[in-house]
Amino acid sequence: MNLGAVLRSALLCGGFAAALATGGPAEVQADPVAAWARFSPPRAVTIQGYGGDAMEPSLSRDGQVLVFNNRNDPPEQTDLHWARRIDDLTFHYEGLVAGANSGDLDGVGTLTSGDRFCFISTRDWRQTLGTVFCSAWREGRAEPPILQAAASPRIPGRLVFDLEQAADGQTAILADGRFEGGAAPASADLRLARWIGGQYRLSPADDRLFAAVNTPGLEYAPALSADGLTLAFTRLSGRPPFARIGLWIARRPTSDAPFGAPVRIAAATGFVEGPTFSPDGRSVYFHRRIGNRFSIWRVTLSPTARTGR
């Protein structure tokens, strides 16, 4: 296993998915379950003052802050950035997230309502097998980032490469990947970590929550609505030349119940990954590749769609 190549080109979702999702037949989605996941066509998001690639968007729970990272494949230096909301489709770029970035790959930021900021970084992976860091958020500054060693399985070849914190900060959903030497994981599933004793701890007992979501394909880049009842994520299924990538959404009746069978967000077309919810749960932001550039887009539930909340 070439750790350098895997960590730089495949830790974050766009690195390996871009290489695999090369076409294939159109997916067919059953309509009866799709009414609550019927979204409007995507609209582009503008980040004023920023001209680079924008990936892995994450909105703060009040919707006023957008955290994202730039492109994550070599030779890019992948860093965390942030912007302030002007309106639903416009943000003003504020710069790098101070205190969060290192000389290694840093990305996939997520904020709780209480301003705990967590993200993925490879800075200590070779020594600790851990990639999740958390800190206090102070208006664009992360101070100080602390490794959440117990949030990772800490098994050689296994790597947590995405995460989303619940609004209350008591749990986080992780993407746990198993690598066997290629750029893409051999498997990737969603799992839960719980905030216990001032740190996130992986909770194998909660794997049941994702029994209807995880498949032999790759599930990653989770997003959780503010009430904890709706999950969005990316799924990559199949192998070239028939690999398919898309955004999916699933619901549950209570915050401690397993998620039901997911439905693909058909409106999010093309190469799409990395969803995040608006505060009211009716819009999903995500990154989309157009040509060779990544930018942020938004879809919104149609007026007649019911959220089930």
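This is a predicted model: local features need pLDDT of at least 70, side-chain atom pairs count only at pLDDT 80 or more; totals for chains, interfaces and linings use all residues.
Local features here need pLDDT of at least 70 and side-chain atom pairs count only at pLDDT 80 or more, while totals for chains, interfaces and linings use all residues. Residues are numbered from 1 along each chain as its sequence is written, and side-chain values use heavy atoms, with hydrogens and water left out.

Trainee: Why is L129 called buried?

Mentor: Buried means under 20% relative accessible area, exposed over 50% and partly exposed in between, with a 1.4 Å probe and protein chains only; L129 has a relative accessible area of 19%, so L129 counts as buried.

Trainee: And why does E139 count as exposed?

Mentor: The relative accessibility of E139 is 53%, which is over 50%, and therefore E139 counts as exposed.

Trainee: What makes the phi of L129 worth a remark?

Mentor: Most residues other than glycine have a negative phi. L129 is not a glycine, yet has a positive phi of about 60 degrees, and L129 sits in the loop between helix 3 (125-128) and strand 9 (132-137), where helices (H or I, at least four residues) and strands (E, at least two) are DSSP runs numbered from the N terminus. E139, also not a glycine, has a positive phi of about 50 degrees and lies in the loop between strand 9 and strand 10 (142-147).

Trainee: How many residues of the lining of the largest cavity are nonpolar, polar and charged?

Mentor: The lining divides into seven nonpolar, five polar and three charged residues, where Ala, Val, Leu, Ile, Met, Phe, Trp, Tyr, Cys and Pro count as nonpolar, Asp, Glu, Lys and Arg as charged, and the others, Gly among them, as polar.
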